[in-house]
Amino acid sequence: MKYAYATDSIRAAEAEVMAVVGDDALMQQAANGLAVECARRLRRHRGKVTGSRVLVIVGPGNNGGDGLFAATRLARKGAKIFLWRITDQVHQAGWQAATRAGATEVDLDRSIELMPTLDQVIEAGFGIGGREGISDDLARLVYVSRGIVDVVAVDLPSGLGVETLSSDVRFFDADATVTFGAWKPSLLAGPAREYAGEVTFVDIGLEPDNPILEVWDALDVAMAWPFPTATDDKYARGVVGLDAGSAEYPGAGLLALGGAVHAGAGMVRFLGPVELRDTVIAQFPNVVHGRGRCQALLCGPGWGPGDHLADRLASRLAEGLRTVIDADALAYLPRDLGDNILLTPHAGELARLLKTERAAVENDPLTHVRRAADETGATVLLKGATQYVATPGETCVRVAVGGPAWTGQAGSGDTLAGICAALLAAGLDAATAAVVGASVQAITARSHPGPHTPQELAARLPDTIAELEWLLEETP
Ligand SMILES: NC(=O)C1=CN([C@@H]2O[C@H](COP(=O)(O)OP(=O)(O)OC[C@H]3O[C@@H](n4cnc5c(N)ncnc54)[C@H](OP(=O)(O)O)[C@@H]3O)[C@@H](O)[C@H]2O)[C@@H](O)CC1
Ligand SMILES: [K+]
């Protein structure tokens, strides 16, 4: 699991360490880590550091200072360093060290001219003190550097927000980012992550508190998966009731059933319309029909428009079970749901829930998924290319393992809702069921590259679950 922090927490952790070791020591550690990675990349690209040509984009604050001290180290190893300062203000000690080591100042036009002759650009414009977006001058440098020179961003690409995860502004497009002391959320999740390139973490001894993002990996999923023990019967593994599908949309019901069955539910009950029973039996003879004991429910996939849907949802919720509410049922939410209720909207459904625009959700998923959890009182899984889980009253948002681009297709959400319902029935709390369910679907899609249908991927969930069990056994 990786944790990412807001700027305030990172600054507080820096202050604690600086009070003991001094600010210069911290910056030297950061610069050293940066220089090591820049040198490694130069060696990879051209065999050696000596004789390489590096432009440093120097911002006015400590981010610029990191870049200057790293460049000083590269200059001492024989690199030819050029410095372009964004404003007159620079980190004085860093500037002196770099120029004393032989670095040459150049203006913007010369920087652009030099670009095809360079081996690397160290982008030390702005770090956690930066505002979102970049000036036209910086945008010109992004344009001329893209694809022709190795761009290494310092701490995070300039222009990128630390916490909003937005890609709606202009920022540097880096091949690599060297980040210090704490993960920044935009380096781990959301559309912005794509622009940071290969990220290296340099430990400078910070111990920040209050993460705002918890990013899961396959081992975390394996550790949370409810593997049955030898004595577990179907009730211990969990009975899940699925109220899904309609005469108009039978497919959504079948896809949800596929998710629940293949995720290993002890028993699946179909609570959808009677007219679908033959179709369901033809595909899933192990599914039981009609009312009976359940440990978790799923409502919504394939309901379509209809009358009395609010009453239908209310009567299901009255059973007091852990429940996944998906798709059409999301339009009929009562007030004050509990955190054992899991809502699984995509960006468009979340936008409707919050009476905002889809673009607003896509540009700032963290704020919106948290708001949805707080306003509804339920746990919320925001589906999409990156999948977020928020619990009411909690700032920290969980992020599921990411899938390939192929995952975005009609029907994936129905399958995912079925998987989550099976995990709720097995006893996982709603937030864990959501992050584990979204992750297992993504891992399955990654293991089977190409455009597989949601039902094909659902049928391959057992392979992934077996691999997770194996991973757990192999990990000391
Ligand atoms: N603290 C530590 O011990 C350590 C910190 N470390 C490093 O320090 C970095 C944080 O440094 P920092 O606080 O000096 O902020 P930084 O990101 O350099 O920028 C602030 C300056 O930029 C300006 N500015 C911002 N956006 C702008 C824009 N769009 N266009 C124009 N100007 C803009 C802003 O102006 P202002 O907002 O004040 O008007 C201010 O002058 C951190 O990311 C890491 O790299 C490491 O060395 C480890 C130890
Ligand atoms: K930067």
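Which residues does Val240 touch, leaving aside residues up to four places away in sequence?

Mentor: Before the answer, a word on conventions: this is a predicted model, in which local features need pLDDT of at least 70 and side-chain atom pairs count only at pLDDT 80 or more, while totals for chains, interfaces and linings use all residues. Residues are numbered from 1 along each chain as its sequence is written, and chains are lettered from A and ligands numbered from 1 in the order in which they are written.

Not counting residues up to four places away in sequence, Val240 touches Ala260, Ala265, Val268, Cys294, Gln295, Ala296, Leu298, Ala421, Ala422 and Ala425, where contact requires C-beta atoms, placed from the backbone, to lie within 7 Å. Val240 is also, together with Ala260 and Ala421, one of the residues that touch the most other members of the largest nonpolar core, which has 154 residues. Such a core is a set of buried Ala, Val, Leu, Ile, Met, Phe, Trp, Tyr and Cys residues joined through C-beta atoms within 7 Å, and a residue is called buried if 20 or more other C-beta atoms lie within 10 Å of its own, exposed if 12 or fewer, and partly exposed in between, with C-beta atoms placed from the backbone. The largest share of the 154-residue core, 11 residues, comes from helix H17 (residues 430-447). Domain 1 (2-209) and domain 2 (218-474) both contribute residues, so this core lies between them; the domain bounds come from an automatic or database domain assignment. The centres of domain 1 and domain 2, taken over C-alpha atoms, are separated by 41 Å, and 9 residues of domain 1 are in contact with 6 residues of domain 2.

One of the contacts of Val240 is Ala296, which is found in strand E13; helices (H or I, at least four residues) and strands (E, at least two) are DSSP runs, numbered from the N terminus. Ala296 counts as buried because 28 other C-beta atoms lie within 10 Å. With residues up to four places away in sequence again left out, Ala296 touches Gly238, Val240, Leu321, Arg322, Thr323, Ala421, Leu424 and Ala425. Ala296 and Ala426 are 130 residues apart in sequence, yet 8.4 Å separate their C-alpha atoms.

H16 is mostly covered, since 14 of its 14 residues are buried, and just after H16 comes Gly427, with a positive phi of about 110°.

Turning to the sheet around this site, E13 belongs to an open sheet of 11 strands with mixed pairing, in the order E1-E9-E18-E17-E16-E15-E14-E13-E10-E11-E12; two strands pair if DSSP finds at least two bridges between them. Its edge strands, each pairing on one side only, are strand E1 (2-4) and strand E12 (288-289). Helix H12 (residues 309-317) packs on this sheet, where it touches strand E10 (239-243), strand E13 (296-299) and strand E14 (322-325), and its direction makes about 170° with that of E13. Axes here are lines fitted to C-alpha atoms, for helices over the stretch in contact, and angles run from 0 to 180 degrees between N-to-C directions. Helix H15 (residues 365-376) packs on the sheet as well, touching strand E15 (341-343), strand E16 (379-382), E17 and E18, with its direction at about 35° to that of E17. Strand E17 (residues 388-390) and strand E18 (residues 397-399) run antiparallel and are joined by 2 bridges, with Val389 opposite Arg398 in E18.

A second open sheet, of 7 strands, has parallel pairing and the order E4-E3-E2-E5-E6-E7-E8. In the whole protein there are 19 helices and 18 strands, 53% of the 476 residues count as buried, and residues 24 or more positions apart account for 73% of the contacts with a separation of 6 or more.

Technical notes
Contact = placed C-beta atoms within 7 Å.
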